Amino acid sequence: MAEEFSTEGMLDMYLFENEQLLEQLQEMVLEQKDAECFDEDSINEIFRTMHTIKGSSGIMMFDNITAISHKLEDVFYYLRESHPENVPHVDLVAHVLRVEDFISNEMEKIRGGDSPDGDPGEIIADLDRFLEQLKSGGEEKGAEPPPENVYVAPKQFYIAPVATSASRFYKIYIHFFPETEMANVHAYKAVYALKEVAEDLLYSPEDIISDAESAAAILKDGFRILLQAQCSEEEVRKIIGVGYDIEKVDVFECRAEEFLQGFDFGENDDLLQIDLDSSVEDIEARIEDASAEESVQPAKSKPAKPAIAPGDFVIKSREPGKQKKLAKDKPKGEKASFIGVNVSKMDQLMELIGELVISESVVLQNPDLKVPGLNLDNFNKAAAQLSKISTDLQNVIMSMRMVPLTNTFQKMNRIVFDVSRKLGKDIEFVMVGEQTEVDKNIIEHISDPLMHLVRNAVDHGIETNEERIESGKPDKGKVTLSARTEAGKVWISVEDNGQGLDRNKILEKARKQGLLEEGKPDSSYSDKEVYQFITYPGFSTNEQITEYSGRGVGMDVVVQNIQAIGGTLDIESTPGFGSIMSLKIPLTLAIIDGIVMETGNSSFVMETGMIKEFVRVKEDMMIHEPDGEEYIMIRGECYPVLRLGRWYGLTQYQESVEDGVMLILEVEDKRVCLLVDKLIGEQEIVVKPIPSYIKKVKGLSGCTQLGDGSIALILDAGGLIE
């Protein structure tokens, strides 16, 4: 049964599955970090997670990951079996997260093409000391420690059958979920786990590693195992275990003679009617009778197929009042409900959809269609149908790319836990709106900025426990991470109830670095302008350099990363009460609904959600201030007026408000009237990046290509209102 072991094609699956397991592990641990102890379900789940990672890492021959996951498995094996009291919960949480960090770092090395060469020796030694601490505490209370969870590295060769009086024989049939990918790899994981206890082990199909096609056969017919071992049926079920890939496991104990028959038991497919009260011996006798009857049947030309195979028989209920029957389990016709797709393919698909939208605009706005006298009724009907399909297609693709912020927020939870422990601060972390969905590319861009903002809130913002008590504050600090959507934007805020920003201290530091204007008094700077200084490169008010801050590096990178995706950072602070750092970012970087307009000879686009209404106004509604500012009264309300042509220094734009159109823009309860020459219409806009030097122009967030091939600039309402 020796096989040529190959990891080709398995590495991606290994990384994907273990990454999912580690994310679930971290989320589970952080959710219960403030509890008194882990509940029983969590202990079992963590044990199973480590067991799975240990097995798959052993298959891939990543020995350091195998060793450290097995050691943490030892700890939770003891917790599961002995139920010790007075477990130091916070220390246990820290140990689990430390192991999770080590495995995650090693997986990053693997993903980058490097060898996982990290040394887990120190962590394993700490886990050993922690486990001894638990065991000594259990023995003082008279608790009997469970049998040692011994890990024996499976051999990569066939195990010779050496039966003893204690040997037991099992027929095992594993059913995988229909949507399971690379079922042959999952099957080998079960074999690998059983080799720890096996005296003899056979399985079918045999070529599960060398033949990738065996995955389809396993999904269709199941995976069969014959096991000789000195363990109980319950222990076998625990080793294999039903999980996210295995739907059902059937385990039947048999005699040595049946075990030696292998997988070929004849061709009898008849159902056996058996009473539930029948003994195991009666059932086995009837199975043998069925096999004996088949043996006297004349030979057939076609090859024999097994009628009775490991796991074929399952107790099924008949209608009420009737006998039960032992029947073959019928294959289910379920189809896969999920499929994994490479993100690069999704990006490519999104780009193609964008090109489709542009091509659609080119067709529907073609100048040839404007020839007088053309009958375009049929064309317009077809165009309307095309537009509908195109819109539906975009919506589907966009929904596929949208993912919740849950995992990103959980990472921030981990940062608060780690940093607060090292700084000796008691901090509560609250998440609000973590189910808010944004484009996957957006999440990749905001993860690092959020990490820095949260770390700053814990290190800079929240005072020490002693300082909070002296100032009369609750001794427990609080960091709140919240998310919400509004008008095509996502607002993510990091709020703390700490000491807030010191305006005078920031101004003093800004003066030393030459950031203040000559002769401009400090009082003329608004709080918002002062707080923006902390986003400058090399700016820090921390007098001492710590592990987390003080070097003046970070906030400038935060702003750069946010601006790269068309977002902004807003800072609010109340001295003595805390600060709020708010990120305003687009919901997606792909396609938006926009209003196309013209001013002078230039085209602009404004996102539809930012426009409250369009109005035509008279000159007598205008209010002109001596300093040049203009306002307009509309239905008793006064709005500031921004002339787009004058704002960007264009030529040949309409000076008279009566010849143009006013757009009332609204962002965060702030409103402004934007005067443009004329409206072209509404259409779907494919957002394209613009050169970095153009990004410095206030009020622009991107560009797009129109149907006639011209370029239109996309206006940022927030930039115009500010």
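## Packing of α1 against α13

In this predicted model, helix α1 (residues 11-31) packs with helix α13 (residues 406-423) at an angle of about 55 degrees, the two axes lying 10 Å apart. The arrangement of α1 relative to α13 is therefore oblique, and their crossing is left-handed.

On the α1 side, the contact is formed by E23, Q26, E27, L30 and E31, which meet T406, N407, Q410, K411, N413, R414 and F417 of α13. Sorted by class, the residues in this contact comprise 2 nonpolar, 5 polar and 5 charged ones.

S56 is part of helix α2, which spans residues 40-59. Its relative accessible area is 6%; because the limit for a buried residue is under 20%, S56 counts as buried.

Leaving aside residues up to four places away in sequence, S56 touches Y14, N18 and K189. With N18 there is also a polar contact between side chains, at 3.4 Å.

S167 occupies the loop between α5 (121-140) and β1 (168-176). With a relative accessible area of 10%, S167 is buried.

The side chain of S167 is joined to that of E199 by a polar contact of 2.6 Å. A256 stands 89 residues from S167 along the chain, and the C-alpha atoms of these two residues are 9.2 Å apart.

Terms used: Residues are numbered from 1 along each chain as its sequence is written. This is a predicted model: local features need pLDDT of at least 70, side-chain atom pairs count only at pLDDT 80 or more; totals for chains, interfaces and linings use all residues. Side-chain values use heavy atoms; hydrogens and water are left out. Axes are lines fitted to C-alpha atoms, for helices over the stretch in contact, and angles run from 0 to 180 degrees between N-to-C directions. Helices (H or I, at least four residues) and strands (E, at least two) are DSSP runs, numbered from the N terminus. Angles under 35 degrees count as roughly parallel, over 145 as roughly antiparallel, 65 to 115 as roughly perpendicular and the rest as oblique. A crossing is left-handed if the near helix is turned anticlockwise from the far one by less than a right angle, and right-handed if clockwise. Contact means heavy atoms within 4.5 Å. Ala, Val, Leu, Ile, Met, Phe, Trp, Tyr, Cys and Pro count as nonpolar, Asp, Glu, Lys and Arg as charged, and the others, Gly among them, as polar. Buried means under 20% relative accessible area, exposed over 50%, partly exposed in between (1.4 Å probe, protein chains only). A polar contact is a pair of N or O atoms within 3.5 Å; within protein, one must be able to donate a hydrogen and the other to accept it, and residues adjacent in sequence count only if both atoms are side-chain atoms.
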